[in-house]
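Welcome! Take a moment to look over the sequence and the model before reading on.

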Amino acid sequence: MSKRPEIFRGIVLGAAMALLFSNTALAETATSLPPAGPPSVAELAEGLLDAVVNISISQNVKSDDDNAPMPQVPEGSPHQEFFDEFFRGQGEGGRPRTVNSLGSGFVIDPTGYIVTNNHVIQDADDIEINFSDGTKLKAKLVGTDTKTDLAVLKVEPKKPLKAVSFGDSRRIRIGDWVMVVGNPFGLGVSVSVGVVSARGRNINAGPYDSFIQTDAAINRGNSGGPLFNMKGEVIGINTAILSQTGMSVGIGFAVPTELAVNVVNQLKEFGETRRGWLGVRIQPVTDDIAESLKMEMPRGALVSGIIEGGPITKGEIKPGDVIIRFDGMDVAEIRDLMRAVGESPVGKAVDVVIIRDGTEQTVRVTLGRLEDGEHLAARQTEQPNGEGAKPGEPPAAQLPASDTVLGMKLAVLDADRRKSFGIAEAVKGVVVTEVQPNSPAAERRLEAGDVIVEVGQEAMTTPEDITARVEELKADGRRNALLMIASKTGELRFVTVRME
């Protein structure tokens, strides 16, 4: 009997086994690969593009450079129109000229309310909204908030507009996919996709910094546009980029909706913001300050002063207190407190947990309005009495001072020194008459005319009080002395000065 059928069956069986092992290996390889990116966002984008708008503003300005030379561009150059537009009006004896700029925004209400950045429309004389279907409408400014760089505009459409809704930015996670829609470089509505690369970013842009960071492309002209999650909800307003060239390098920032929604609603309703106000001046709790206060770790916000006429009327909170909890929310650093207070309703009574003299206490405060408090605080920091040392005359140089303490010469704050340094009548303490270069006090930028109010949370009235208190702190094993310092106008701050 021929062996060919057996050989053939062996070949077929071997091929089948090889194919089986190959498919198994491919399956194992596939399962070991990281998950792919999102499927096409075309359908998502298609349903949202009509709600994203281009914002064009014009501003009439006067050129400060009457002799600015016009660049010579070859006739017929394809770039001539750009040069002509940019330099039009310059070199014309300072005549007024029109400056145009572009940004992005999005519709949040079918009746015509639009959100964008404040810096997009700031100082605009004319605002025009360009829709994806080619419609152009003039917009009026409803309200702005410089602290969060947000603005609300209003147009009057002939029919309801396509609008988008806000989502909850607190649910977004690092690594989640997001989509940016906007008007980069004035090219028109464009879409880019990326992931959330960080949350709670502080870029020192304002008092309420807590940006969403994304690697989705954000360029000039994207400002004010929406940052969408994959449900099509707005979870951020694109505001800034980190770049030396002004173009996207994969680090962009958006104001989260957890911060923006309340601001937008207030601007819509009142045309302005109405934030809560605690009426205190605060500063960070540094490692040195925490050690001076015998705190296990730096946390909270150190109260450096109380605004007269504010919500604190009965000494509920005092300078030197550390606020560690506000209305049920932990305060890890000062911006936590600023955000929590600012997002609270005006007139609300809240519980504030403080550390005073090493123990926790809970006090109750009824919040005022921040916008009113800012004017009040500004008036209090103005120079109350204008007399100070004459130019070129060293203040109180002829007046005797004490021995040097921590690199400072100190003196009793009497009428002559108060007049010589221009120190307000309400300021009490011991005046610094001289600071030695490269001394511990100089390291903390203390200067002549500063007034030491407290050392180690004890009031000081004479230079001898300060000397004795510093020795007590040294004997207690402290490395730094916590000083409450008053400026000439009475504004307080805390500094730690090393005693080693």
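Predicted model: local features only at pLDDT ≥ 70, side-chain atom pairs only at ≥ 80, totals over all residues.

**The whole protein**

- The secondary structure comes to 11 helices and 28 strands.
- Of the 500 residues in the protein, 44% are buried.
- Among contacts with a separation of 6 or more, 62% join residues 24 or more positions apart.
- The protein exposes about 26,600 Å², and carbon and sulfur atoms supply 51% of that area.

**A walk along helix 11**

- Helix 11 takes in residues 463-475, which makes 13 residues.
- At 1.5 Å a residue the helix should span 18 Å, and its end C-alpha atoms are 19 Å apart, which agrees.
- Which residues of helix 11 are buried? They are Pro463, Ile466, Arg469, Val470 and Leu473.
- Turn to the face directed away from the buried side, and you will find the exposed residues Glu464 and Ala475.
- What covers the buried residues of helix 11? The cover includes strand 22 (404-405), strand 23 (408-412), strand 24 (430-435), strand 25 (451-455), strand 26 (458-459) and strand 27 (480-486).
- After helix 11 comes Gly477, whose phi is positive, near 85°.

- As background, most residues other than glycine have a negative phi.
- Asp123 is not a glycine, yet it has a positive phi of about 65°.
- Is Asp123 buried or exposed? Asp123 is exposed, because its relative accessible area is 53% and the exposed class begins over 50%.
- Gln457 also has a positive phi, of about 65°, although it is not a glycine.
- Look for Gln457 in the loop between strand 25 and strand 26.
- Gln457 counts as partly exposed, because its relative accessibility is 33%, between the 20% and 50% limits.

- Trp177, Val191, Val193 and Met230 make a nonpolar surface patch of about 290 Å².
- Met230 belongs to the loop between strand 11 (226-228) and strand 12 (234-241).
- With 33% relative accessibility, Met230 counts as partly exposed.

- Ser292 has its place in helix 6 (residues 287-292).
- Its relative accessible area is 6%, so Ser292 is buried, the cut-off being under 20%.
- What does Ser292 touch, not counting residues up to four places away in sequence? The answer is Arg478, Asn480, Ala481, Leu482 and Thr496.
- Asn219 sits in the loop between strand 10 (211-214) and strand 11.
- Although it is in a loop, Asn219 counts as buried at 15% relative accessibility.
- Leaving aside neighbours within four places in sequence, Asn219 is in contact with Pro184, Phe185, Met247 and Ser248.

Notes: Residues numbered from 1 in each chain as written. Heavy atoms only, no water. Helix = DSSP H or I, 4+ residues; strand = E, 2+ residues; numbered from the N terminus. Expected span 1.5 Å × (residues − 1). Buried < 20%, exposed > 50% of the residue type's maximum accessible area, 1.4 Å probe, protein only. Contact = heavy atoms within 4.5 Å. Patch = residues over 30% accessible without salt bridge, like charges linked within 9 Å, V, L, I, M, F, W, Y side chains within 5 Å. Areas by Shrake-Rupley, 256 points an atom, 1.4 Å probe, with all protein chains shown as cover. Salt bridge = Lys/Arg side-chain N within 4 Å of Asp/Glu carboxyl O.
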